[in-house]
Each structure stands twice: as structure tokens, then as C-alpha cells.
Amino acid sequence: MLAWILLFLHKKNKEFDMKIKVSPLVHIEIVVHDAEETYQLLNRVFGADKVEEDLSSYAETLSPFKRIIHVDQGGTVLQLIEPAESGTWQKQLKEKGPGVHNITFKVDNIQDAIKALQKEGCEPLWQTSLDAILGSDPSKPAEPNTCMIDTMEKVGFRLELFQKPEGNT
């Protein structure tokens, strides 16, 4: 009987301690006054290159962005955001100046990650689907696969979580 109780407690403890699996860093999103000027400085000094230009072009069509440039800086992608006149990006730029807005990681299950963060007192700011630019099956309904979580007060930056659609790696 003691063995069954210990097994039960062990399984319960494992469920409680379940950790969300994350990828290596996807990108660091940085809010700036002028994305092109920031890119040019990084290019002149470090040889940084523009990358993910299709993603940048698509993201610029979303409302709070004036200009977005993805830059490969030594193997780390920096997403330079020049915000439009509203949103958390503009608010941060106005109140605190340029700096890290969020850090993005890929997760295996975005809904599990959101629930785990909510248990820690961190709430989603928004969720959306990026299926159109990820090449997922257009015949399937788009499920939210990207979420911005307000972790600013807890860790000093927001977390953007991303789950690729099934069939994409």
C-alpha cells in the first residue's frame, strides 16, 4: 500500500512540476525610433545583415508598426520595431526610450505555456495566427499560434511565444 501512495505522490509531484519545453531564442524584439538607422549602424559596425524580409514585410501590415527590420547580429536575430502611433511599442518608446520590448521563444504547446504563465500571474496581451506566412495548410482553420504575455513586472520584459503549425519545423 505504501508503494502505491508513494507512486501516486510521485506522479502528482511530476504533474505539478511540469516544465514547458522551449526552443533556443527565436528573436529579441527591440523598439527603436528609427529601424533603418539602427540597422545601418549595426551593419556598419558589426556587418549585421537583414534577414527574414518576407516576415518583416508581412508584420509591417499589422497595425501598430511603421517599420520592422529583422537583423542577424552574430547569429542572434534582432527584430527592430519602429512603432506607429499606438500600442505597447509606442508607449514603451515614449515612456522609457529604445530598448527590449520582448524576447521570443518557440514552444511545443502554446496553450499549455499560456496556462502555466497565467498560474504565475502573467496574462496574455494578445494572441494571433501567423499561419499565412508560415506556409500552413490554408484549408484548415487558423488556430492562434503566437501570443504576447505580460511578464514585464515579473522578469523585466514581455515574452512572445510561438508555436509552429503542425507539419512545419
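View 1. Helices (H or I, at least four residues) and strands (E, at least two) are DSSP runs, numbered from the N terminus. This is a predicted model: local features need pLDDT of at least 70, side-chain atom pairs count only at pLDDT 80 or more, and totals for chains, interfaces and linings use all residues. Residues are numbered from 1 along each chain as its sequence is written, and side-chain values use heavy atoms, with hydrogens and water left out.

View 2. Ala-35, Tyr-39 and Leu-42 are the buried residues of helix 2 (buried: under 20% relative accessible area; exposed: over 50%; partly exposed: in between; 1.4 Å probe, protein chains only). Seen down the helix axis, these residues fall within an arc of 65 degrees, so they line one face of helix 2 (the arc is that of the directions from the axis to the C-beta atoms). Glu-37, Arg-44 and Val-45, on the other side, are exposed.

**View 3. The ends of helix 2.** Asp-34 caps the N-terminal end, with a side-chain oxygen 3.1 Å from the backbone nitrogen of Glu-36. After helix 2 comes Gly-47, whose phi is positive, near 75 degrees.

**View 4. The surroundings of Gln-79.** Gln-79 belongs to strand 4 and is buried, with a relative accessible area of 7%. Leaving aside neighbours within four places in sequence, the contacts of Gln-79 include His-27, Ile-28 and Ile-68 (contact: heavy atoms within 4.5 Å).

Notes:
A polar contact is a pair of N or O atoms within 3.5 Å; within protein, one must be able to donate a hydrogen and the other to accept it, and residues adjacent in sequence count only if both atoms are side-chain atoms.
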